[in-house]
Amino acid sequence: MAGPRPVVLSGPSGAGKSTLLKRLMKDYEGVFGFSVSHTTRNPRPGEVDGKGLSSLPMLLGAVLLPVADVLSSESSPDYHFTTREKMQEGIDKGEFIENAEFSGNLYGTSKSAIEDVKAKNLICILDVDIQGVKNIKETDLNPIYISVQPPSMEILEKRLRDRQTETEDSLQKRLDAARTDMELSNEPGMFDLVIVNDDLEAAYDQLKSALMEEIQKVQDAKNVMAGPRPVVLSGPSGAGKSTLLKRLMKDYEGVFGFSVSHTTRNPRPGEVDGKDYHFTTRENVQEGIDKGEFIENAEFSGNMYGTSKSAIEDVQAQNLICILDVDIQGVKNIKETDLNPIYISVQPPSMEILEKRLRDRQTETEDSLQKRLDAARTDMELSNEPGMFDLVIVNDDLEAAYDQLKSALMEEIQKVQDAKDYTSSSTPAVCVMAGPRPVVLSGPSGAGKSTLLKRLMKDYEGVFGFSVSHTTRNPRPGEVDGKDYHFTTREKVQEGIDKEEFIENAEFSGNMYGTSKSAIEDVQAKNLICILDVDIQGVKNIKETDLNPIYISVQPPSMEILEKRLRDRQTETEDSLQKRLDAARTDMELSNEPGMFDLVIVNDDLEAAYDQLKSALMEEIQKVQDAKDYTSSSTPAVWYVVHIKQYGV
């Protein structure tokens, strides 16, 4: 959906805006971002400057007011305190969205202040005076305009006098401004909502109701991007955890990830270092524990086991579900952290069955096996302690046990699967839906493809990415290497073709042309609509791939008109031009073959041709625009997952 609208909050000092804002930001933490204004006035007692600014470039940076500062301030929000000269310089450079002068001091909101808040997909709060409101109405910001007014001038004056922060002259100027503010706030169309703050609870309810739709947008976005809870899986060796996990990871491939634990025990037959465990020395594990590099660790049968923080981070970086497979001591250790996982214990039907399973392995001495059985008895007892686990699965029937495990994790599995629907596998950027389909645009030279494309890319800036093809021909006047084409040699293009680095290639008029796979990947990685401008042979080649683009052909009204356009260029010899015309005849014929193109545009009227092209691509254009509205460009989506290997398994 579209990102939340900013909020312009206005009203005279003393009307109660700060009190309402503090409560709103406390009740909806992580939803709002405060755009910190600049001022040339002196700080009041307790006010904090915007992180110490000494020059204009710094002046226009660092604009987010931390919630803690907002909640701890006893007066209006703090400012970036600066000089008149520096602030005027920023105004002259067009770096402020609004500015005004009051009581001899300049106030203003920089564009970068708003951009920083919007980039985090937060509701940007702009606390400005009435002149600032008027200034913002001249922009395309499209905020919600809200005015907070006092019940009367008498009550306002009493509040301001009780502050004891101003001279009589300054206070009178503030009261005069407040009278004007109160009058203007009632002008039709000036504000979307005017709140008369004569009852704090009622005023807060009004403010909250007016912003609930935007608050919901932020919360919905957070819900989409919230990763699944980790899963702590425990139980004695031989209970069947590994069997259940293997089936789970097979049935839900790409949902779970294993974090590789460390151990000081020797590898068993078939175990691989770095895959089953990180097999290491006691000294190395102890050194990591001492440095705080492990989230949990324990010792069993004379061997050390532990899960490093980096092991969890490695899996989280892959956006998978976090499974921590640990012993009962590991469970207790993790309960001391803020990980908030789902705790699941897998237990054997009985000690007798467990002992049989362990003996059948024939991997341990009698002494080691007895220690394992003793630990299992303790594990079984502790698993029944109230609050220790969210679910205890007694594995006396593998199918039933698997169904229990799967049901317990289905909500988290769904989160990952939903996330996959929202994200493109080729980019860490969040996408609202499946990425836009590429567009294969074809047609003879002179048909008008370039003219249509230039207009499309101008009208929808930041939506399309041009896949830059390679060619061995010489550049025409004005063409730029790396922008119009990658101009290269026949040897280099052929080498790339031999290495299968091209999705399509062809030869025309003695020159080679081709589109490299990397050219397409570069565009797709930016979540843009990739345009491939290729000839008819290129279209045929791409149809042999799994690219699934939209195929569009742009054709001239007739061969006569096409020939005139090409001759007017005066860029080719007669022989070269005749070859181009021959190719165009073939192109025009093939463009009418059933299934060759999704759309054939005959460009006899540029406006009509452009409208056809735009309509054909509007659904894909909307995907990119919706994604831009929905996501913060600086924030990658993260869906977390980790598996921590069970000690001794």
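## Helix packing

In this predicted model, helix 14 (residues 351–361) and helix 15 (residues 366–383) have axes that come within 11 Å and cross at roughly 145°. The crossing is right-handed.

Helix 14 contributes Met351, Leu354, Glu355, Leu358 and Arg359 to the contact. Helix 15 contributes Glu366, Leu369, Gln370, Arg372, Leu373, Ala376, Arg377 and Met380. By class, the contact residues are seven nonpolar, one polar and five charged.

## Aromatic pairs

The whole structure holds six aromatic pairs. One of them joins Tyr79 and Tyr107: the ring centres lie 5.7 Å apart. Their planes meet at 65°, over the 60-degree cut-off, so this pair is edge-to-face.

The pair links distant parts of the chain, 28 residues apart. Tyr79 lies in the loop between helix 3 (67–72) and strand 5 (80–81). Tyr107 belongs to strand 7 (residues 105–110). Both are buried: Tyr79 has a relative accessible area of 16%, and Tyr107 has 17%. Ring pairs also bring in Phe81, linking Tyr79, Phe81 and Tyr107 into a cluster.

Tyr277 and Phe279 form another aromatic pair. Their rings are 5.8 Å apart, centre to centre, with 50° between the planes. That geometry is tilted. Tyr277 is buried at 0% relative accessibility. Phe279 is buried too, at 18%.

## Charges over rings

Key. Residues numbered from 1 in each chain as written. Predicted model: local features only at pLDDT ≥ 70, side-chain atom pairs only at ≥ 80, totals over all residues. Heavy atoms only, no water. Axes fitted to C-alpha atoms, helices over the stretch in contact; angles between N-to-C directions. Helix = DSSP H or I, 4+ residues; strand = E, 2+ residues; numbered from the N terminus. Left-handed = near helix turned anticlockwise from the far one by under 90°. Contact = heavy atoms within 4.5 Å. Nonpolar A, V, L, I, M, F, W, Y, C, P; charged D, E, K, R; others polar. Phe/Tyr/Trp six-rings, centres within 6.5 Å; stacked < 30°, edge-to-face > 60°. Buried < 20%, exposed > 50% of the residue type's maximum accessible area, 1.4 Å probe, protein only.
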